[in-house]
Amino acid sequence: MHFHETGPYLFRISDNLGVQWNGLSFMLSLVVSFVFMSWMSYRQRSELGQARVGSFLMSCVAGALLGGRLGFCLFYAPSLFLKFRAEFPFWGVLALDEGGLSAFGSIVGVVVAATIFAIRTGVSRIYLYDLVAICAPISIFFSRVANFLTGEFIGREAPADLTISVKFPTEIFHWPALQPQKLQQLTPLVEKVGTDAEKWQTLLLQSSGQEEARASISQILFKVVESVQSGSQDMRGLLEPLLTARHPVQLYEAALEGFCLFVFLFFLWRKPRSPGILSATFLVFYSAIRIFVDQYRMPDPVLGFDLFHLLRGQWLAIATLVIGLVLLFIWGRRETLLSPGWGRGHSVKLHRR
């Protein structure tokens, strides 16, 4: 069993300034994707051309961010569309501190961005789908590793004999919604971060009916986690016995949705393929892996489980899997030019089927 102590920062310059794991993973995924797209464009002699790889990649990034945020609000928190506040960023959709991005929303955003780019430049739309599909696992790999390092979206309870299980301090963020009775046990820890026991008990009593009390509890829990992640051995000693050993589900996703899926798609495209085959294959395998891995993932504290005890992400993955299978059938039967592979002897020109 491993105790998770890594915080959101690789290193800090000040309290609120430093290099964050999420930012570093974003930059690494951009650099690696750019290098790989450039190499693919060169090997395939594609109509995209190396000169336009950068602009295409940035279009996809913009689509992924915009689609991911809108997708999160639509699929997980529709109330954010109607939430406004007096201070920046004013609108709930723009408040990235409230939730994050949806992977399935990002897929839609990238498809839209690639389509617009294809219309503007005359490059084959479906070829661009394939190119970005083979690069998507790169971004998934880096982002999921960062999710692990920051302790985001923890796994479910692991069996006692699982040697790679992890205790995440961020587990306590789930307690108000899923295990409120355990908050009483945090009294010694909240006292160490400046909240006396009587005030803590009052907040717990008021939390069922007052939004302000719930917000205060969240702030105190954040201070507790930050103290542990900053290296306080006293806080760790008090918190660790209260935590549950869990599946490192972020690493499961990094390995399967990221590394393994990239390797599979990479060698699949070594030889010429019908345009769209890579895109459809990505949708099918990503969705299938997501359905499987999410059985080890804790539900969102607000949403809980959906129909048949499945997570919201699993239902979205099922829908995406069906779409992928339909596209695989349609694009696989088309009599058309084949997209050249990257292997020797397959990158000079397009081959007719």
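User: Where is the place of Pro-89?
Analyst: Pro-89 is in the loop between helix 2 (53-75) and helix 3 (103-121). Helices (H or I, at least four residues) and strands (E, at least two) are DSSP runs, numbered from the N terminus. This is a predicted model: local features need pLDDT of at least 70, side-chain atom pairs count only at pLDDT 80 or more, and totals for chains, interfaces and linings use all residues. Residues are numbered from 1 along each chain as its sequence is written, and side-chain values use heavy atoms, with hydrogens and water left out.

User: What kind of peptide bond joins Phe-88 and Pro-89?
Analyst: A cis one, with omega about 10 degrees. Most peptide bonds are trans, and most residues other than glycine have a negative phi.

User: Which phi does Phe-90 have, then?
Analyst: A positive one, about 75 degrees, although Phe-90 is not a glycine. Phe-90 sits in the loop between helix 2 and helix 3. Its relative accessible area is 44%, so Phe-90 is partly exposed. The cut-offs: buried is under 20% relative accessible area, exposed is over 50%, and partly exposed is in between (1.4 Å probe, protein chains only).

User: And Phe-153, what's its phi?
Analyst: Positive too, about 35 degrees, and Phe-153 is not a glycine. Look for Phe-153 in the loop between helix 4 and strand 4 (166-167).

User: Is Phe-153 buried or exposed?
Analyst: Buried, at a relative accessible area of 19%.

User: New topic: how does helix 4 pack with helix 10?
Analyst: Their axes are 8 Å apart, at an angle of about 160 degrees. That makes helix 4 roughly antiparallel to helix 10. Axes are lines fitted to C-alpha atoms, for helices over the stretch in contact, and angles run from 0 to 180 degrees between N-to-C directions. Under 35 degrees counts as roughly parallel, over 145 as roughly antiparallel, 65 to 115 as roughly perpendicular and the rest as oblique.

User: Which residues make the contact?
Analyst: From helix 4, residues including Ile-134, Phe-141 and Arg-144, and from helix 10, residues including Glu-257, Phe-262 and Phe-266. Contact means heavy atoms within 4.5 Å. By class, the contact of helix 4 with helix 10 has 15 nonpolar, 3 polar and 3 charged residues. Ala, Val, Leu, Ile, Met, Phe, Trp, Tyr, Cys and Pro count as nonpolar, Asp, Glu, Lys and Arg as charged, and the others, Gly among them, as polar.

User: What about Asp-130, buried or exposed?
Analyst: Buried, at 1% relative accessibility. Asp-130 is in helix 4 (residues 125-150). Leaving aside neighbours within four places in sequence, its contacts include Trp-269, Ser-274 and Ser-339.

User: How many aromatic pairs are there?
Analyst: The whole structure has 22. One of them, Trp-39 with Phe-266, is tilted, at 6.0 Å centre to centre and 35 degrees between the planes. Rings of Phe, Tyr and Trp (its six-membered ring) pair if their centres lie within 6.5 Å; planes under 30 degrees apart count as stacked, over 60 as edge-to-face and the rest as tilted.

User: Where do Trp-39 and Phe-266 lie?
Analyst: Trp-39 is in helix 1 (residues 21-44) and Phe-266 in helix 10 (residues 249-268), so the pair ties together parts 227 residues apart in sequence. Trp-39 is partly exposed at 33% relative accessible area, while Phe-266 is buried at 15%. Ring pairs also link Phe-36, Trp-39, Phe-262, Phe-266, Phe-267 and Trp-342 into a cluster.
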